[in-house]
Amino acid sequence: MRGFRWSRPQSLAHLRNRPIQSVGLAEAARLAACLPILFSRSTGGGFAPVAAVSLVNGGATRLGPGDSLPARYIPTLAGIYPFLPVLKGDTAALGVDMASGHVFAAPDGDEAFGETDGTPTPYIATLRDALPRVIADHKRAVRAVAILEKHGALTPIRAGAKTGLNAPLPLFSANPDKVARLTGAALEELWTSGAAQLLHAHLMSLNHLHDLLRKPVVPSMRPAQEAPVVDDEDGGFLDALMGDLAREDGQ
């Protein structure tokens, strides 16, 4: 992108407007340590797994001071912002949100999009090269949720005294009783599809859901460093992403 430069977000403030983030199968277990992993109807039909930093506008949030999260707990599509995948049929390209407030006409902005010879910078090249695997991992996650749906294991998160919600959420959780009754081929299908892996991450993350539903203020989290989207002492965002993808490739 000649004539433009960009700056990395110094917080996750953009998640205030996009608190529900689609997640891939490989990253679900890692994110479940900090964020609730739930299920949402996708625009193309069926369901997709999502991570939620908040559920109700103005309500409790999992974001820490300064709209931060430790880097390893940032969902992939939130962590690469202002870059985003642009789908063209079965292929994906790396795009950028020009309205993000992080893209500037040169000479403003901290970083160039490319080197002087026109090649992408190392950071952008890493994102570009990882993108097909990230998209494939999200597709695996959608197929895994389809198995849960097939066996009637998804239930909507309803309003009422139990949840403290005045209105239902457009989100779903798993019904462990339905899952517990699965046997034989159905149970095997859960394991071979990755649905069991996703279900485990979901169930282990439900304490975070209860925090968001029942507490007016989320417990304070240790602040990340100055650029939490890129790195902190818990391990860099890109390191965590590449580790997830490497483990998934090795299965």
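Which residues form a nonpolar patch on the surface? Met1, Phe4 and Met98 do, and together they have about 280 Å² of accessible area. Let's start with how the model is to be read and then come back to them.

## Ground rules

This is a predicted model, in which local features need pLDDT of at least 70 and side-chain atom pairs count only at pLDDT 80 or more, while totals for chains, interfaces and linings use all residues. Residues are numbered from 1 along each chain as its sequence is written, and side-chain values use heavy atoms, with hydrogens and water left out.

## Overall picture

The protein has eight helices and ten strands; these are DSSP runs numbered from the N terminus, with helices being H or I of at least four residues and strands E of at least two. Of its 251 residues, 47% count as buried. Here buried means under 20% relative accessible area, exposed means over 50%, and partly exposed is in between, with a 1.4 Å probe and protein chains only.

The accessible surface comes to about 12,500 Å², and 55% of that belongs to carbon and sulfur atoms. Areas come from the Shrake-Rupley method with a 1.4 Å probe, and for residues only the protein chains shown count as cover. Among contacts with a separation of 6 or more, 73% are between residues 24 or more positions apart, a contact being heavy atoms within 4.5 Å.

## Confidence

The mean pLDDT of the protein is 83, and 84% of its residues reach 70 or more; pLDDT is the predictor's confidence in each residue, from 0 to 100. Strand 4 (residues 47–52) has the highest confidence, at 95, and helix 8 (residues 237–250) the lowest, at a mean of 70. Over residues 216–235 the pLDDT is below 50, although this stretch has 48 contacts in the model beyond near neighbours in sequence. Where pLDDT is low, the predicted coordinates should not be read in detail.

## The nonpolar patch

Back to Met1, Phe4 and Met98. Patches are made of residues with over 30% relative accessible area and no salt bridge; like charges are joined within 9 Å, and nonpolar side chains (Val, Leu, Ile, Met, Phe, Trp, Tyr) within 5 Å. Met98 sits in the loop between strand 6 (91–96) and strand 7 (103–105). Its relative accessibility is 42%, so Met98 counts as partly exposed.

## Salt bridges

How many salt bridges does a search of the whole structure find? There are eight, each being a side-chain nitrogen of Lys or Arg within 4 Å of a carboxyl oxygen of Asp or Glu. One of them pairs Arg8 with Glu111, the closest N and O atoms being 2.5 Å apart. Arg8 lies in the loop between strand 1 and strand 2 and Glu111 in strand 8 (residues 111–112), so this pair ties together parts that are 103 residues apart in sequence. Glu111 is partly exposed, at 21% relative accessibility.

Asp97 and Arg18 also meet in a salt bridge, at 3.8 Å from N to O. Asp97 belongs to the loop between strand 6 and strand 7 and Arg18 to the loop between strand 1 and strand 2, so the pair ties together parts 79 residues apart in sequence. Asp97 counts as buried at 17% relative accessibility, whereas Arg18 is partly exposed at 41%. Another bridge joins Glu189 and Lys150, with 3.0 Å between the closest N and O atoms. Glu189 is in helix 5 (residues 184–193) and Lys150 in helix 3 (residues 122–150), so parts 39 residues apart in sequence are tied together. Glu189 is partly exposed at 21%, and Lys150 is exposed at 55%.

Is His14 buried or exposed? With a relative accessible area of 12%, His14 is buried, and its place is in the loop between strand 1 (4–6) and strand 2 (20–22). Not counting residues up to four places away in sequence, His14 touches Ala78 and Tyr81. A polar atom of the His14 side chain lies 3.3 Å from the backbone oxygen of Ala78; a polar contact is a pair of N or O atoms within 3.5 Å, where within protein one must be able to donate a hydrogen and the other to accept it, and residues adjacent in sequence count only if both atoms are side-chain atoms.

## Backbone features

Most residues other than glycine have a negative phi, and most peptide bonds are trans. The bond from Tyr81 to Pro82 is cis, with omega near 15°, and Pro82 lies in the loop between helix 2 (76–79) and strand 5 (83–88). A cis peptide bond also joins Ala106 and Pro107, with omega about 15°; Pro107 is in the loop between strand 7 and strand 8. Asp67, although not a glycine, has a positive phi of about 55°. Asp67 is found in the loop between strand 4 and helix 2 and counts as buried at 16% relative accessibility.
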